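This briefing concerns a predicted protein model. Please read the points below with the structure open.

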Amino acid sequence: MIVGGHLMGLPINKGPGWNTSQYTAAAVGFFASAGAAQVLLYYNFIPRNLAIVVVLAGFSVPPFVVGWWQKRKYGPFYNEPR
């Protein structure tokens, strides 16, 4: 919507998002942790509530590690919009 010559709206998508390697790490981490949670549940090593935590950790930790590693390797402005 344009009012008085200015574009009005909320700023969306400020800052960099995930890159492809972080999406890949999230997918691999999700499926690996889901499989690990299934095995741990099958042998009664963990309760059901903890299995959810295992899957969430497997989904969120690998993209963070990949992003941290890329920032460390390529510099602090890697994957930033130019």
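The model is predicted, so local features are reported only at pLDDT of at least 70 and side-chain atom pairs only at pLDDT 80 or more, whereas totals for chains, interfaces and linings use all residues. Residues are numbered from 1 along each chain as its sequence is written, and side-chain values use heavy atoms, leaving out hydrogens and water.

**Confidence**
- The mean pLDDT (the predictor's confidence in each residue, from 0 to 100) is 85 for the protein, and 76% of its residues reach 70 or more.
- Confidence is highest in α1, at a mean of 96, and lowest in strand β1 (residues 2–3), at 54.
- Where pLDDT is low, the predicted coordinates should not be read in detail.

**Helices**
- Helices (H or I, at least four residues) and strands (E, at least two) are DSSP runs, numbered from the N terminus.
- Helix α1 has 23 residues and reaches 33 Å from its first C-alpha to its last, close to the 33 Å expected at 1.5 Å a residue; the expected span is 1.5 Å times one less than the number of residues.
- Helix α2 (residues 48–74) has 27 residues and should span 39 Å, which agrees with the 40 Å between its end C-alpha atoms.

**Packing**
- Buried means under 20% relative accessible area, exposed over 50%, and partly exposed in between (1.4 Å probe, protein chains only).
- In α1, the buried residues are Gln22, Ala25, Ala26, Gly29, Ser33 and Ala37, and they pack against α2.
- In α2, the buried residues are Ala51, Val55, Gly58, Pro63, Gly67 and Gln70; their cover includes α1 (20–42).
- Glutamine 70 has a relative accessible area of 7% and therefore counts as buried.
- Leaving aside residues up to four places away in sequence, glutamine 70 touches Asn19, Ser21, Gly75 and Tyr78, a contact being heavy atoms within 4.5 Å.

- Asparagine 44 counts as exposed because its relative accessibility is 67%.
- Glycine 75 follows α2 and has a positive phi, near 110°.

**Partly exposed tyrosine**
- Tyrosine 74 is found in helix α2.
- With a relative accessible area of 48%, tyrosine 74 is partly exposed.
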